[in-house]
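Trainee: I have not worked with this entry before. Could you take me through it once it is on the screen?
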Amino acid sequence: MTGFSDVYCHVCRRAHPREDMRLVISNGRKKWRCIHSLQKAAKATLAEREAFGRQVTEMNKAESRAKLNGMMANRALPPLE
Ligand SMILES: [Zn+2]
């Protein structure tokens, strides 16, 4: 009885029940992937995007801080004689 309706998952390299599987097209080829791996991939993409967003925010902050420091440094320079 077991294993009859299982579908091989190319991500986990093992078979899952048919109801957990989704047929996805990758590079023009049809591949079976389980919903678990799809959810994991979606979460990973989201985490990557969040990490990237944070990085950009930090870069912008650092840049404006550097600009501000530069402005203050210019103001602090002694007048030229
Ligand atoms: Zn799987």
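Trainee: Is N27 buried or exposed?
Mentor: N27 is exposed, because 5 other C-beta atoms lie within 10 Å, and the cut-off for exposed is 12 or fewer. Please keep in mind that this is a predicted model.

Trainee: Where does N27 sit?
Mentor: N27 belongs to the loop between β3 (21-26) and β4 (29-34).

Trainee: What about the backbone of N27, what is its phi?
Mentor: The phi of N27 is positive, at about 55°, although N27 is not a glycine.

Trainee: Which loop holds R13?
Mentor: R13 lies in the loop between β1 (6-9) and β2 (14-17). R13 is not a glycine either, yet its phi is positive, at about 60°.

Trainee: And is R13 buried or exposed?
Mentor: R13 counts as exposed, with 7 C-beta neighbours inside 10 Å.

Trainee: Changing topic: how many helices and strands are there in the protein?
Mentor: The protein has one helix and four strands. Along the sequence they follow the pattern β-β-β-β-α.

Trainee: What share of the residues is buried, then?
Mentor: Buried residues make up 5% of the 81 residues.

Trainee: And what share of the contacts links residues 24 or more positions apart?
Mentor: Such pairs account for 17% of the contacts with a separation of 6 or more.

Trainee: Back to single residues. Where is K67?
Mentor: K67 is in helix α1, which covers residues 35-76. K67 is exposed, with 10 other C-beta atoms within 10 Å.

Trainee: How far is K67 from R49?
Mentor: Their C-alpha atoms are separated by 27 Å, and the two residues are 18 apart along the chain.

Trainee: One last topic, confidence. What is the average pLDDT?
Mentor: The protein averages a pLDDT of 87, and 93% of the residues score at least 70.

Trainee: Which elements have the lowest and the highest mean pLDDT?
Mentor: Among the elements, α1 has the lowest mean pLDDT, 88, whereas β2 has the highest, 94.

Definitions and conventions: Residues are numbered from 1 along each chain as its sequence is written. This is a predicted model: local features need pLDDT of at least 70, side-chain atom pairs count only at pLDDT 80 or more; totals for chains, interfaces and linings use all residues. Helices (H or I, at least four residues) and strands (E, at least two) are DSSP runs, numbered from the N terminus. A residue is buried if 20 or more other C-beta atoms lie within 10 Å of its own, exposed if 12 or fewer, and partly exposed in between; C-beta atoms are placed from the backbone. Two residues are in contact if their C-beta atoms, placed from the backbone, lie within 7 Å. pLDDT is the predictor's confidence in each residue, from 0 to 100.
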